[in-house]
Structure formats: C-alpha cells, structure tokens
Amino acid sequence: MAGCVHNDGASPGVSRRGFLGLAAGAAACLGLGGLAGAGGTSGGSVVIYSCGEGIRNETQMAAMRRAFPDYDIRMHYITTGNCAARLRMEGASSEADIVMDLEGGYINQVSDNLEDLSDFDGSIYCEDLRDPEGRYFPFSRESACVATNDDVLAGRGIPTPASYQDLLDPVYAGVVSMPNPKTSGTGYNFLKSLVNAWGEDAAFDYFDALAENVYQFTSSGSGPVNALVQGEAGIGLGMTYHAVSEINAGAPISVHVFEEGAPWDVYGSGIIRGRASRQAVHDVFGWLCTEGVRIDNATYVPDQVLVGVTPEIPNYPTDIAYADMTGITDVDEKMRLLERWSH
C-alpha cells in the first residue's frame, strides 16, 4: 500500500463470542441505545456516533473508560447511511461530539460539519488513507470477502463458488446474503469494486441477476456473516474481519477473494464542528485516533492503517489482493450509483 511502512508485529485476535464475558461489565454502561439531549451538555461529557459493529464498540468503550474515568463517555451505534443522514440533518447542533468509523464516502458528505484537525498529527496514517482536507482521520481500512458456511453448502450438496459468476447459478438460489449498498458501506464497496472492474452497466446487470439468488439484502455489513453463523445462509458478501472473528470462534466459515480482488474502503473519525475546544472532546478524540486505532487494528481489522504497524490475526488472510477502488470516497459518484440501485 502506498505510504505504508511494513513490519512484522503480531497481535492475537479476540472473537466476538470470546469477548462477551470480558466485556460484560463494560457493556452495561455503554449507552448504545437512544441518547437524551445534545452533545456538549457538560464539560466532561462526550457523545460518540459509531458505525463500528457491537463488539468493536464495546472494546473501545471499555478502554476509554479506563483511560478517562472522570469523563462521561457515551456511544450510539448507527449504520453508515443513517449516520451520515443524521449528521447532515443535525449539522453543528448534533447530539454527537465525535463520529467514529464512518465510511469514507459518507464522511466526505458531512465534512463541512467537521472540525479542522490540524492540531492533531495526521502523519502517523498511511498516505493513501489520509483526507486531503484534514477533516477526518482514518480509523480502519476494512476489506470485504465472499464468505461461505461450509456445513450449509455441504449439507445441501452445493459446491463452493469460485467466482462472482458462479453465484448466478440457480443452485445458489435462496442461500446468498448481501448488504444493501444504500445502508451499508460494505454493500457499496462490492458495488463499486465491480463497477470499476467491469463497467457500470455490466455491474448493475450482474447485481440484478444476483438478486434472484439473494434471500436477504441486510441493512448492515455484519448481517451476511451473522446469517452464515446462524445457518440461515450458505454464502455471505461480508466483512473479512467479521468472518475471521467467527472462524476463530469455531464457526465452519471460509473466506474467499475472487479474481477481481477484495473490495475495501477507508473508514474515518472526526470531531463535530464547534466541539474541539472542549477539553474532554479533544482528549477523547486524540486517544481514539491513536490508541483506539491501534486496539481495533490489532484485535479486529488488521488491514494496515498506521505507518509501520502491520498486526496479524489468526486466520486473517495475509496475502489479500485488493480490488481497484478508485473513486470510493467520491461523494457525487456514490450518490449517483446509489440512485441507480433498485434492490
């Protein structure tokens, strides 16, 4: 990756199930449900809108509460598309002080509502992930894959697919799950990767055909892998880190990257306009974009974000061939393509 310096550092992964006991105490005080009032209601309070999935949020919250025991930190999980819509609507009056792990195209949509981050050091991040406008910092580089529940496929006598075209075979009818690009950054990553690889018309023709075999378009990127774990689907277009987490927890899942490469995107964090002057917000954001990134990178999503930091997680592919994601953070392109999406 351009701008990244590699090393051989390794860190163990923690599965979603395995962490539940560890995080039980922290989960009770997450405040992941609805929040009352607006952000900045008191000097020591910090409200975070997070697009990260549940266990990743729990891990961040547990670590932040240890780092800032005197601050009242609350986190509200929102799917990517809904988070961007809410931030556009709320603007500087948002109840949030910080947005975390919002997909690059969406965070560019709301960048006018974010603080300039020149007070913080952006040089620690891989050059290809940095925002030229300095309104957000990378939180994660998330790749996607085609995951399979091998027991489900074997039980139905269905072969493991080796290409996107294979997924159009009627034998896969009703066993495929995919995130909806209109509500999920992961879903849009798949769409954009095939638009880049095949051309726009061919890509949309493909997804129109694939829809015949899709039993569910999920609202979030975690939905397809969850469906695999529950045995509701045999094939899921989902997040690589999520599939690997379940593999490490003992699920009969395999990760596949087809010839076009693994879709990927940058997910960023920023401060809502007018909030950076509050010490608690400044402190928590500074921690989140350094220690928080390191924790998430080493524990869940090891695709490289920080210069010189290349963690490894058991069963996570180390030789991923990435798809051409040119234009993935182009807001106008994203809105145009999503207008064309009809499923």
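Asn315 is exposed, with a relative accessibility of 54%, where exposed denotes a relative accessible area over 50%, buried one under 20% and partly exposed one in between (1.4 Å probe, protein chains only). This residue lies in the loop between α10 (279-299) and α11 (331-340), helices being DSSP runs of H or I with at least four residues and strands being runs of E with at least two, numbered from the N terminus. The model is a predicted one, in which local features require pLDDT of at least 70 and side-chain atom pairs count only at pLDDT 80 or more, whereas totals for chains, interfaces and linings use all residues. Residues are numbered from 1 along each chain as its sequence is written, and side-chain values use heavy atoms, with hydrogens and water left out.

Most residues other than glycine have a negative phi. Asn315, although not a glycine, has a positive phi of about 70°, and Asp101, likewise not a glycine, has a positive phi of about 60°. Asp101 is placed in strand β3 (residues 98-103) and, at 2% relative accessibility, counts as buried.

With regard to the cysteines, a disulfide is a covalent bond between the sulfur atoms of two cysteines, and it is assigned here to a pair of cysteine sulfur atoms within 2.5 Å. By this rule the count of disulfides is zero. Cys51 takes part in no disulfide, the nearest cysteine sulfur being that of Cys83 at 3.8 Å. Cys51 is buried at 8% relative accessibility, and Cys289 is buried with a relative accessible area of 2%.
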